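Biologist: I am new to this structure. Could you show it to me and then take some questions?

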Amino acid sequence: MNIKLKLYASLMRYLPDDVADRHTAVLNVPEGMTPAKLIEDRKLPKESCFLVLLNGVYLTPAERETRQIQEGDAVAIWPPIAGG
Amino acid sequence: MGWTQKILRVNLTKGTCESEPLNMQWANDYLGSRGLATKYFVEETDPKVDPLSPDNKMIFATGPLTGTASPTSGRWTVVCKGALTGAIACSNSGGFFGAEMKNAGWDMIIFEGKSAKPVYLTIENDQAELHDAGDLWGKSVWECESELLKRHGEEGRVASIGQAGESGCLYAAVVNDMDRAAGRSGVGTVMGSKNLKAVFSRGTVGVKVKDPMGFMKATGAAKKILAENAVTGEGLPTYGTQVLMNVINELGALPSHNAADVQFDGAAQIGGEAMHAKRETDGKANLVSNAACFGCPISCQRRSQMDPNHFTVKDREKYHIVSGGLEYEAAWALGAATGVSDLETLTFCNFICNEYGMDPITLGSTVAAAMELYKVGAITDKETGGVSLTFDSPQDLATICEMTGKGEGFGKEIAMGSKRLCEKYGRPELSMTVKGQEFPAYDPRGIQGMGLTYATSNRGACHLRSYTVASEVLGIPEKTDPHVTEGKAGLVKAFQDATALVDASGTCIFTTFALSMEDIAPQINAACEGDWSTERCMEVGERIWNMERVYNNAAGFTGADDTLPQRLLKDAAKTGPAEGLVNKLDEMLPEYYSLRGWSADGVPTSETLGRLGL
């Protein structure tokens, strides 16, 4: 199934070369993929995955391990950031 | 200690500068800066005063930690009755001016009256003097500051107003160090109404603390936490506040096109990452470096340089400099709110705000409201004098921003702010304001707690009175669901009280991404006389909040003003995770009043006032 992986800030360097735009890669992943497994497969530094959103909704560290990504879903990840 | 225990009182009507001792009872009860200056203000000023009358006082204030070795101790505030809002105003700035003023030996400067002609004030340690500013009136912040440094010494620091503050733009800022600003609520307008152009400060006296060894220990511990924390030690220095643009857009909480939408297609083109990317036009990045305010180990400031061939600055060398770049709120207001996704145009408009001295949040949001008025035909080229105001147009945005700074043509109407503008043209519902002030870059339909934050903010809609985004989005100190209202009343109250205390201390609210009150209180305790426990600090924060509320109520505000633009309460989010949601303020406000110890119509009860010593 195809999903979108969106990486931001210092994690952008982990995007593949053939990106859809500055932040987004369309990836073909097997059924049952979880955000945690995706982070592992893409060799993203786990400790830098501070904010993980699935279709814009925040996932707790526990949910990243168990939530199954569906066809067309977007997983967006940021390192530790803040603003104001 | 911590306090210099000296106030400078400047009577602009009489042209006098007099030193007086700080009221230490008030210092013990309200700490400093936002708290202590507001105490002086409410004791000395009629709540019904016209903000632009000579009877409205204006106070430049530092906190006991300002100018010390405490991390982020460059903060200072301007307190008065806001020109934009008619509510209590307290605008907070960084840079170096506040620390310089404190190191000259002054906790506060109280300006009263109105000068018959333009003047500026110089402070060199205990020497204070008013000077004729006839030759500076009409000059920009950049020109005025450069001239005063040349005249009085490059080691000094300057806070001034630009042409916007002189001409009565209702959201004029007081700008210091070229591009740091006490920006909100029109404090620069009040300064301009007093014919006060600038303050130059040079200080070499230093700041003493109660327990030097204990202070070094407490501030050292805080610095270590800030350095080791991933957000304050790495995230903010590298990407600044602007990294939030894509986060908030992804969450479906980025107000766009005057808050008609909650997501913006151009977000990725104007966010923090885009500032790092090399331009196609000249191969250089918009972002040159980060920078720090006085004593700040976080260094979140952006320093930017535009493409010199961009249409806004071609052959205009004064804009080819490296200067204060876009922060998140400015990029949102000038960009997403207006639909403009050209980073260079937004940088130009931000430069204009610093040069002429304007609040970019209110400017951008007012231009967005004007663009909607133009779109629906409530204003036409006849009213605008032929100036097009089309959503998404970089040219239209740049033109109207510059006209507003200069006080030219339809820019004079934009200078009123969106509330007055939309009322004038018969569409008051198109103003995205609370208590007359435009709300910032977080849509309360997607982040419910921010709705309560805006509705109850004492200075009109503002994110910096209780930044529940930290909890609802970033999980600091703990994660809450942005789409639910349960628990948000308590969250907002806690953030409001803690923020008031941090503001009163003279340090930066950004420290609270890493520091808790248990890390801040020991710094105050080591600097100031008395016992400053965590509990006492929180009580001072609550006292400050209630004092501001009592003043606003006496000024004529009521619980009916604790509301939101109808668009946020009636028109559901169209896209994103919050699709179908409106802000459910009515579910949060009664509980908030109850937790505050206020009546059902938002008035602090006598019990609450008594408990807080008000």
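Modeller: What follows is a conversation about this model, which is a predicted one.

Biologist: Let us begin with the chains. How many residues does the contact take from chain B and from chain A?

Modeller: Chain B contributes 29 residues to the contact, and chain A contributes 23 residues.

Biologist: Which elements give two or more residues to the side of chain B that touches chain A?

Modeller: They are helix 8 (230-239), helix 9 (244-250) and helix 11 (272-276) of chain B. Helix 8 of chain B gives the most, with seven residues.

Biologist: How do the residues on that side of chain B divide into nonpolar, polar and charged?

Modeller: On the side of chain B that touches chain A, 17 are nonpolar, eight are polar and four are charged.

Biologist: Let us turn to helix 7 of chain B. How many residues does it have, and how far does it reach?

Modeller: Helix 7 of chain B, residues 212-228, has 17 residues. From its first C-alpha to its last it reaches 24 Å, close to the 24 Å expected at 1.5 Å a residue.

Biologist: Which of the residues of helix 7 of chain B are buried?

Modeller: The buried residues are Phe215(B), Ala218(B), Thr219(B), Ala222(B) and Leu226(B). These residues of helix 7 of chain B are on the same side of the helix, because they cover an arc of only 90 degrees around its axis. In general, an α-helix has 3.6 residues a turn, so residues three or four places apart point the same way.

Biologist: What covers those buried residues, and which residues are exposed on the other side?

Modeller: The cover for the buried residues of helix 7 of chain B includes helix 8 and helix 22 (517-527) of chain B. On the other side of helix 7 of chain B, the residues Met213(B), Gly220(B) and Glu228(B) are exposed.

Biologist: At what angle do helix 12 and helix 13 of chain B pack?

Modeller: Helix 12 (residues 328-336) and helix 13 (residues 343-356) of chain B pack at about 115 degrees, and their axes are 10 Å apart. The crossing of these two helices of chain B is right-handed.

Biologist: Which residues make that contact?

Modeller: Helix 12 of chain B supplies Ala330(B), Ala331(B), Leu334(B) and Gly335(B), while helix 13 of chain B supplies Leu346(B), Cys349(B), Asn350(B) and Cys353(B). By class, this contact of helix 12 with helix 13 of chain B has six nonpolar, two polar and no charged residues.

Biologist: Another topic: is Ala470(B) buried or exposed, and why?

Modeller: Ala470(B) counts as buried because it has 24 C-beta neighbours inside 10 Å. Its place is in helix 20 (residues 469-472) of chain B. Leaving aside neighbours within four places in sequence, Ala470(B) is in contact with Ile476(B) and Phe513(B).

Biologist: What joins Ile476(B) and Pro477(B)?

Modeller: A cis peptide bond joins Ile476(B) and Pro477(B), with omega about 0 degrees. Pro477(B) lies in the loop between helix 20 and helix 21 (488-505) of chain B. Most peptide bonds are trans, and most residues other than glycine have a negative phi.

Biologist: What is the phi of Asn55(A), and where does that residue lie?

Modeller: Asn55(A) has a positive phi of about 50 degrees although it is not a glycine. Asn55(A) lies in the loop between strand 3 (51-54) and strand 4 (57-58) of chain A.

Biologist: And what is the phi of Asp392(B)?

Modeller: Phi of Asp392(B) is near 75 degrees, a positive value in a residue other than glycine. Asp392(B) lies in the loop between helix 15 (381-384) and helix 16 (394-406) of chain B. Asp392(B) is partly exposed, with 15 other C-beta atoms within 10 Å.

Definitions and conventions. Residues are numbered from 1 along each chain as its sequence is written. Chains are lettered from A and ligands numbered from 1 in the order in which they are written. This is a predicted model: local features need pLDDT of at least 70, side-chain atom pairs count only at pLDDT 80 or more; totals for chains, interfaces and linings use all residues. Axes are lines fitted to C-alpha atoms, for helices over the stretch in contact, and angles run from 0 to 180 degrees between N-to-C directions. Helices (H or I, at least four residues) and strands (E, at least two) are DSSP runs, numbered from the N terminus. A crossing is left-handed if the near helix is turned anticlockwise from the far one by less than a right angle, and right-handed if clockwise. Two residues are in contact if their C-beta atoms, placed from the backbone, lie within 7 Å. Ala, Val, Leu, Ile, Met, Phe, Trp, Tyr, Cys and Pro count as nonpolar, Asp, Glu, Lys and Arg as charged, and the others, Gly among them, as polar. A residue is buried if 20 or more other C-beta atoms lie within 10 Å of its own, exposed if 12 or fewer, and partly exposed in between; C-beta atoms are placed from the backbone. The expected span of a helix is 1.5 Å times one less than its number of residues. The arc is that of the directions from the helix axis to the C-beta atoms.
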